[in-house]
Amino acid sequence: MTLTEKQQSLIRDLQDQEQMCIQKYDKYAEQAKDPELKRLFGILRDEEQEHYDSLEQCLSGNCPDTPCKTSMSANYNPVATYTGSYNDADKTHDEFLCTDCISTEKYVSGEYNCDLFQFGDEKMRNLFNHIQTEEQNHAEMIYKYKVANNMAQAC
C-alpha cells in the first residue's frame, strides 16, 4: 500500500494524538485515588498503545487487519468506590480526571471520523472506523465509572 504525503501526515497526526492519550492515561493512573480508576486507566492506555502500533504498521505500508474483538465497554461494570464514607477531595480529583479523559476521547474519535474519508483503501477505512469506535467505547467506560460513583447521572 502506497500512502500519499497527506495521508502519511494524517497518520502521524493521529499517532501524536494516540501518544498523548498513552501519556495521559499513564499519568492519570498514577494520580487517581481510586484503585478501580487506576485499573481502568491502565486498560485504556494499553488499547491506545495498540492504536499507535497499528498506525505505525500503516506508515510502513502494511495496514493490519481489523481485530474482531468484543467491545470491552459492553461488559464493563465498574465497582463503585465512592459510596458510604470517602474523602470528598479524592472523589472531586478523580471526577476531574474522568471528565478530562472523556473530552480527549471525544476529540480523538472526531479526528478519526474526519480522517478516514481521506483514504480510498477499504482496509484503512475499516481500521480507522474500528479505532474510532474504540475511542467512543473508552469514553463510555469512563462515563460508566462516573455514573457508578455518583459523578454523573445515567442517561
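From the N terminus on, the elements of the protein run α-α-α-α-α, giving 5 helices and 0 strands, where helices (H or I, at least four residues) and strands (E, at least two) are DSSP runs numbered from the N terminus. The model is predicted, and local features need pLDDT of at least 70 while side-chain atom pairs count only at pLDDT 80 or more, although totals for chains, interfaces and linings use all residues. Residues are numbered from 1 along each chain as its sequence is written, and side-chain values use heavy atoms, with hydrogens and water left out.

Along its principal axes, the C-alpha trace of the protein spans about 60 × 25 × 20 Å. Of the 155 residues in the protein, 41% are buried, that is, under 20% relative accessible area with a 1.4 Å probe and protein chains only. Where contacts (heavy atoms within 4.5 Å) link residues at least 6 apart in sequence, 79% of them join residues at least 24 apart.

When residues up to four places away in sequence are not counted, Leu40 touches Tyr76, Met141, Ile142 and Tyr145.

How values were computed:
Buried < 20%, exposed > 50% of the residue type's maximum accessible area, 1.4 Å probe, protein only.
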